[in-house]
Amino acid sequence: MEALARERFSIPNDVIYLDGNSLGALPRATPERLRALMREEWRSDLIASWNKHGWIDLPMSIAARLAPIVNAKPAELLIADSTSVSLFKLLAAAARARSGRKTILTQRRNFPTDLYVAQGLCDMLGLTLRAVDADAVRDSIDDDVAVVSLTHVDYRSAAVHEMAAINRASRDAGALTCWDLSHSAGAIEVDLAGTECDLAVGCGYKYLNGGPGAPAFIFVAERLLETMHPPLQGWMGHAQPFAFEDGYQPAPGIARFLTGTPSILAIAALDCGLATFDGIAMADVAARSRGLSQAFIDAVEARCGDAVSLASPGDPAARGSHVCFAHPHGYAVMQALIARKVIGDFRAPDLMRFGFAPLYNDEGDVLRAAEILGEILDSRAWDDPRFHARAKVT
Ligand SMILES: *Cc1c(COP(=O)(O)O)cnc(C)c1O
């Protein structure tokens with residue numbers, strides 16, 4: 001199993017990088033694109049660049065590259081802010097669009113930012129955040145629910161929600177649904193049009209390779225756009241920002257979800273990240289993702305036996321593009337792996353997480369990582385004080 005586009009990335013030769021689900025690798029094109037943007041646009045044309053180089057439209061125009069990755073229309077997508085801020089915007093807009101309903105429904109152990117943002121919004125608006133077990137979400141959608149807020153692929157286990165079925169149940173109950181696609185977009189098939197999604201947000205720096213802290217994306221279904229009122233009424237989301245009117249009028253399309261001036265360098269870097277998918281079918285990406293994660297599970301189970309236990313669904317169809325194995329000293333084992341240049345990450349309390357980016361990971365990466373994990377467990381190389389010291393970012 002070859003990688004789909006390894007030549008589009010710049011990755012150190014001696015590294016097995018299995019953390020593209022946390023920070024995507026550097027696209028080969030990014031450094032030169034940023035250098036050119038600074039020299040030939042910012043330096044030479046200064047403020048004229050907003051018009052001359054189309055900077056002002058970048059949050060909408062580069063989203064067109066994202067459209068095939070999540071199967072949505074370009075006019076439904078916008079690049080802006082962080083995932084957390086984007087989520088706040090959409091949940092607040094959804095609560096307003098369903099005013100009278102008093103509940104935001106989510107799942108327990110959702111990604112923390114998703115829970116914190118929803119809880120803060122509920123506190124502000126006098127709503128209730130109801131968190132239920134993942135498999136109870138669908139049956140918990142009732143006529144008090146304004147919006148169902150879920151992460152499509154669980155950041156720990158990689159379990160995938162049934163997007164189409166939840167969208168349907170939510171719509172039948174008169175609620176809206178907002179998906180966090182941070183661990184899905186660019187790794188598995190996401191069909192926003194086919195599953196009739198209402199709202200979604202996602203992360204630019206994971207499988208989309210936009211660089212550390214890259215801006216996020218916002219999706220609002222075209223049929224809802226005119227009824228969704230942006231809660232952060234910034235000038236960039238105004239119908240005519242340069243009319244400088246006192247009163248706020250939302251822009252007619254997705255641009256209403258812009259707030260302030262877009263970060264052009266960051267968006268250009270994200271554009272290079274999205275361009276790594278050019279010409280590649282998401283069905284191929286998804287098939288490769290399942291193949292790589294399954295090959296890893298098989299190799300680890302064969303090499304390591306009971307020393308680690310799988311904490312992700314065994315069925316590839318029910319799994320995103322990463323795999324978690326639990327080990328009581330998972331943190332130290334992961335540090336020992338990183339010292340041997342197999343880079344994954346750790347999620348408390350005991351999960352070693354390995355992400356498979358189909359564009360640049362191949363079967364050789366997977367087999368070698370499983371072998372090195374086996375060697376570390378056999379030799380107890382992880383049982384060394386330097387591997388136990390916890391860093392701020394795990
Ligand atoms: C990574 C991730 C985020 C990131 O949010 P930021 O605001 O970009 O820090 C949000 N939600 C989920 C589910 C994630 O996996």
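Author: A residue is near a molecule or strand if one of its heavy atoms lies within 4 Å of it. This is a predicted model, in which local features need pLDDT of at least 70 and side-chain atom pairs count only at pLDDT 80 or more, while totals for chains, interfaces and linings use all residues. Residues are numbered from 1 along each chain as its sequence is written, and side-chain values use heavy atoms, with hydrogens and water left out.

Reader: Which residues lie around the ligand?

Author: The cut-off just given decides which residues are listed. Those around the ligand are Ser82, Thr83, Ser84, Phe111, Thr113, Asp114, Thr151, Asp180, Ser182, His183, Tyr205 and Lys206.

Reader: How many charged residues does the shell around the ligand have?

Author: Ala, Val, Leu, Ile, Met, Phe, Trp, Tyr, Cys and Pro count as nonpolar, Asp, Glu, Lys and Arg as charged, and the others, Gly among them, as polar. By these classes the shell has two nonpolar and seven polar residues. Its number of charged residues is three.

Reader: What is the distance from an oxygen atom of the ligand to an N or O atom in the side chain of Lys206?

Author: A polar contact is a pair of N or O atoms within 3.5 Å; within protein, one must be able to donate a hydrogen and the other to accept it, and residues adjacent in sequence count only if both atoms are side-chain atoms. A backbone N or O atom of Thr83 lies 3.4 Å from a ligand oxygen, and a polar side-chain atom of Tyr205 lies 3.0 Å from a ligand oxygen. For the side chain of Lys206, the distance is 2.5 Å.

Reader: What percentage of the area that the ligand exposes alone does the protein bury?

Author: Accessible areas come from the Shrake-Rupley method with a 1.4 Å probe; for residues, only the protein chains shown count as cover. Taken alone, the ligand exposes 390 Å². The part buried by the protein is 87%.

Reader: Which elements give two or more residues to the shell around the ligand?

Author: Helices (H or I, at least four residues) and strands (E, at least two) are DSSP runs, numbered from the N terminus. The elements asked for are helix H5 (83-97) and helix H6 (112-125).

Reader: Is Asp345 buried or exposed?

Author: Buried means under 20% relative accessible area, exposed over 50%, and partly exposed in between, with a 1.4 Å probe and protein chains only. Asp345 is found in strand S14 (residues 345-347), and its side chain joins that of Ser22 in a polar contact of 3.0 Å. Because its relative accessible area is 4%, Asp345 is buried.

Reader: Which residue has a side chain joined to that of Asn110 by a polar contact of 3.0 Å?

Author: Asn110 is found in the loop between strand S5 (103-107) and H6. At 4% relative accessibility, Asn110 counts as buried. The partner of its side chain in the contact of 3.0 Å is Thr106.

Reader: How many salt bridges does a search of the whole structure find?

Author: Side chains of opposite charge can pair when their charged atoms come close. A salt bridge is a side-chain nitrogen of Lys or Arg within 4 Å of a carboxyl oxygen of Asp or Glu. The number found in the whole structure is 22.

Reader: How far apart are the closest N and O atoms of Asp278 and Arg65, and how many residues separate the parts they tie together?

Author: In this salt bridge the closest N and O atoms are 3.2 Å apart. Asp278 lies in the loop between helix H8 (264-275) and helix H9 (282-304), and Arg65 in helix H4 (residues 63-70), so the separation in sequence of the parts tied together is 213 residues.

Reader: What is the relative accessibility of Arg303, which meets Glu371 in a salt bridge?

Author: The N to O distance between the side chains of Glu371 and Arg303 is 2.9 Å. Glu371 lies in helix H11 (residues 363-379) and Arg303 in helix H9, so the pair ties together parts that are 68 residues apart in sequence. Glu371 is partly exposed at 29%, and Arg303 counts as partly exposed at 27%.

Reader: What is the phi of Arg109?

Author: Most residues other than glycine have a negative phi, and most peptide bonds are trans. Arg109 lies in the loop between S5 and H6 and is exposed, with a relative accessible area of 54%. Although Arg109 is not a glycine, its phi is positive, at about 60°.
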